[in-house]
Amino acid sequence: MDTIYTIKNRRSIRNFNGKKISPEDIDTILHCAMCTPTARNNQGFRFIVVDDKDILNRIAKGLEHGKMCKDASHVLIVCHEVKDETGELYWVQDTSAATQNILLSAAALGIGSVWVAVHPREAKISFVRELFNLPLDIKPLSIVALGYKENFLKELDRYDETKVRYNIWSD
């Protein structure tokens, strides 16, 4: 699928049809996530792949805005290992970029996805940390629910020229 088309047509999908995503497609999505550029090439992101229905149900029950996880084929827990100052300074940006790569690669494969925020909400961070037994140096940023959607939505033109300035800020 063309990159520009994928970016312009990707949508947050919260209803999945139950079809399982192949291991090969999950692997492709993870490869794309790990292609993400990071500050000082830190590559500190870490991922947990969840397809166990009991765990998916626990995520859906335990996270506000995570109800769709119960019907997802897979959920990716997107984290970052923070070991040093560079990690501490840039982990949110690095891991957000990896989350975006997950969303775009899933869309390119015809897989629906939705970003469920974890960071910076302490209650959500604690829930994810406890559920997945995360070490203290692993910080959860997001959860991405993945699954096949019933139908594709049409391109939505969100371009707004009033939000663009050239060379300097002027009114």
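1. Charge: the chain carries 23 positive and 23 negative side chains, and the centres of the two sets lie 5 Å apart. Here Lys and Arg count as positive and Asp and Glu as negative, while His and the chain ends are not counted; each charge is placed at NZ of Lys, CZ of Arg, CG of Asp or CD of Glu.

2. Basis: this is a predicted model, in which local features need pLDDT of at least 70 and side-chain atom pairs count only at pLDDT 80 or more, whereas totals for chains, interfaces and linings use all residues. Residues are numbered from 1 along each chain as its sequence is written, and side-chain values use heavy atoms, with hydrogens and water left out.

3. Fold: five helices and four strands make up the secondary structure of the chain, in the order α-α-β-α-β-α-β-α-β along the sequence. These are DSSP runs, numbered from the N terminus, with helices being H or I of at least four residues and strands E of at least two.

4. Burial: of the 171 residues in the chain, 43% are buried, a word that means under 20% relative accessible area (1.4 Å probe, protein chains only).

5. His74: this residue lies in strand E2, which covers residues 74-81, and it counts as buried because its relative accessibility is 6%. Leaving aside neighbours within four places in sequence, His74 is in contact (heavy atoms within 4.5 Å) with residues including Lys20, Ile26, Val49, Asp51 and Leu146.

Conventions:
Buried < 20%, exposed > 50% of the residue type's maximum accessible area, 1.4 Å probe, protein only.
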